[in-house]
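This report follows the fold from its overall order of elements down to individual residue pairs. Please keep the sequence and the coordinates at hand while reading.

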Amino acid sequence: MNDKSNGYWWCPFCQCRIEPQDVTNQETHDIRAGGCGNSVVWGIDLGLSYKQLQSENRELKKRLSRIEDKINSFAENTEDVKAEIRVVLLIAEVLELAEGK
Ligand SMILES: [Zn+2]
């Protein structure tokens, strides 16, 4: 099934990429192909592995925590805080795309 391009199927249960022929029409990991039968998700390939995405996510959380610190300490340079927020929002957008729906 599916003729999507520039992406891949991912099984959150098996934590691995799934070949399109091993995905059922119900978008589950095909047990006839040795799959687990759970729902798979579609990920857009941005050249990032799942582990890289997880590490990006950790970095994002650190950035958010730094922003929180800045806000809490009433940073004098509000432009600096705004710039940091814009960067984080951009990264979050990319991660959302990369993680697929
Ligand atoms: Zn699976």
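## Order of elements

Reading from the N terminus, the elements of the protein follow the order β-β-β-α-α, which amounts to two helices and three strands. The model is a predicted one, and the description below should be read with that in mind.

Of the 101 residues of the protein, 6% count as buried.

The three strands make up an open sheet in the order β2-β1-β3, and the pairing is antiparallel. Because β2 and β3 stand at the edges and each has a single partner strand, one side of each is left without a neighbour in the sheet. From one strand to the next, the twist averages 50°.

In a regular strand, side chains alternate between the two faces of the sheet, a general point to keep in mind when looking at the residue pairs described below.

## The β1-β2 hairpin

Strand β1 is joined to strand β2, which covers residues 16-18, by three bridges, and the two strands run antiparallel. Together β1 and β2 form a hairpin with four residues between them, and within that turn Q15 has a positive phi of about 55°.

Which residues of β2 stand opposite C11 and W9? C11 is placed opposite C16 in β2, while W9 is placed opposite I18 of that strand.

## The β1-β3 pairing

On the other pairing of β1, four bridges join this strand (residues 7-11) to strand β3 (residues 41-44), and here too the strands run antiparallel. Within this pairing, the bridge partner of Y8 is G43 in β3.

## A position in helix α2

Turning to the helical part, D80 belongs to helix α2, which spans residues 78-99. Is D80 buried or exposed? D80 has 11 C-beta neighbours inside 10 Å, and because a residue with 12 or fewer such neighbours is classed as exposed, D80 counts as exposed.

D80 can also be related to a residue elsewhere in the chain: the C-alpha atoms of D80 and K70, which are ten residues apart along the chain, are separated by 9.4 Å.

Conventions
Residues are numbered from 1 along each chain as its sequence is written. This is a predicted model: local features need pLDDT of at least 70, side-chain atom pairs count only at pLDDT 80 or more; totals for chains, interfaces and linings use all residues. Two strands pair if DSSP finds at least two bridges between them. A residue is buried if 20 or more other C-beta atoms lie within 10 Å of its own, exposed if 12 or fewer, and partly exposed in between; C-beta atoms are placed from the backbone. Axes are lines fitted to C-alpha atoms, for helices over the stretch in contact, and angles run from 0 to 180 degrees between N-to-C directions.
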